[in-house]
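Please read this briefing alongside the sequence and the 3D structure shown here.

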Amino acid sequence: MMMLADAYPAWSWNLVADLRQMWAFPFMVNAFRAGTVVAVAAGVMGWFMVLRRQSFAGHTLAVVGFPGAAGATLIGISATYGYFAFCVAAALVIAAIPRAGRSSGGQESALTGTVQAFLLACGFLFTALYKGLLGGVTSLLFGSFLGITTAQVWVLAAVAAAVLATLAVIGRPLLFASVDPDVAAGRGVPVRVLSTVFLVLLGAAAAEASQITGTLLVFALLVMPAATAQTLTARPSLSLALSVLIALAVTWLGLIAAYYSPYPIGFYVTTLAFAAYVLARLGRAAGQGLPRLVPVRSAP
């Protein structure tokens, strides 16, 4: 146990010195860059995901990154391509069920569960078929900040920029369609198209975050900061900003904690995000929080 502890740097309580020591390593600089990009994208996409009550879809898009990465490793290409291919493809399949109508929620949940079960089974099959030493299974599932290259950071940044730019264009009608899809459809808003585009963007964001937190815990970065922010304030713009800030805080703190310990970053990110949510709920219970987010009718 002592040997394991000695293998990791010690926290000196001198924040400036500790940060300088940590950022002296290029892989940590890349980890913080990638983590920042992922946190911003996850905070924004997660906010809309929670508002639209599509957390189950987000969870499925997160976990199907595992079979994607395992399949990519099996055929000898970068796991990054597998993440994006499977997450976006699963998003398109889930989008086949229209959300308008009372029965759409149950149909979407059934299709989402089917997609999740099948692709997870494929992931374990790919792992079993791989003849070499697939030592990265733990990293695929629970995340790792080691080995993040500058090229990967640029890929993540490009995807995040495309996702956020698209969301900026469709943001206002998407908000209207998320709050009241029936009224939005009656006003001529293309609800079905917006839902499909959003799911594809959510799949890309899930594929991004999977490379930092792992496929099993990426859901925490998508849902917890957004749920915490929407618990704290009723103002959409402020709530969205808080979601991003909370995602950034838990990601940065998770990276620092993972650097000084042998445990995966996904555990720390999830724990910190859960703690923030619990504190927000306790604050509301004590009468210290702001009103919850309530449906706001907005013109497209």
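This is a predicted model: local features need pLDDT of at least 70, side-chain atom pairs count only at pLDDT 80 or more; totals for chains, interfaces and linings use all residues.

Residues are numbered from 1 along each chain as its sequence is written, and side-chain values use heavy atoms, with hydrogens and water left out.

- Thr60 lies in helix α4, which spans residues 55-63, where helices (H or I, at least four residues) are DSSP runs numbered from the N terminus.
- Because its relative accessibility is 0%, Thr60 counts as buried, a term that stands for under 20% relative accessible area, with exposed meaning over 50% and partly exposed in between (1.4 Å probe, protein chains only).
- Apart from neighbours within four places in sequence, Thr60 is in contact (heavy atoms within 4.5 Å) with Ile94, Thr112, Val115 and Gln116.

**Aromatic pairs**

- The whole structure holds 8 aromatic pairs, counted when ring centres of Phe, Tyr and Trp (its six-membered ring) lie within 6.5 Å, with planes under 30 degrees apart taken as stacked, over 60 as edge-to-face and the rest as tilted.
- One of these joins Tyr259 and Tyr260 edge-to-face, at 4.9 Å centre to centre and with 90° between the planes; both Tyr259 and Tyr260 are buried.
- Phe267 and Tyr268 also pair edge-to-face, at 5.2 Å centre to centre and with 70° between the planes; Phe267 is partly exposed, with a relative accessible area of 44%, whereas Tyr268 is buried, with a relative accessible area of 15%.
- Ring pairs also connect Tyr259 and Tyr260 with Phe25 and Phe27 in a cluster.

Notes: Helices (H or I, at least four residues) and strands (E, at least two) are DSSP runs, numbered from the N terminus.
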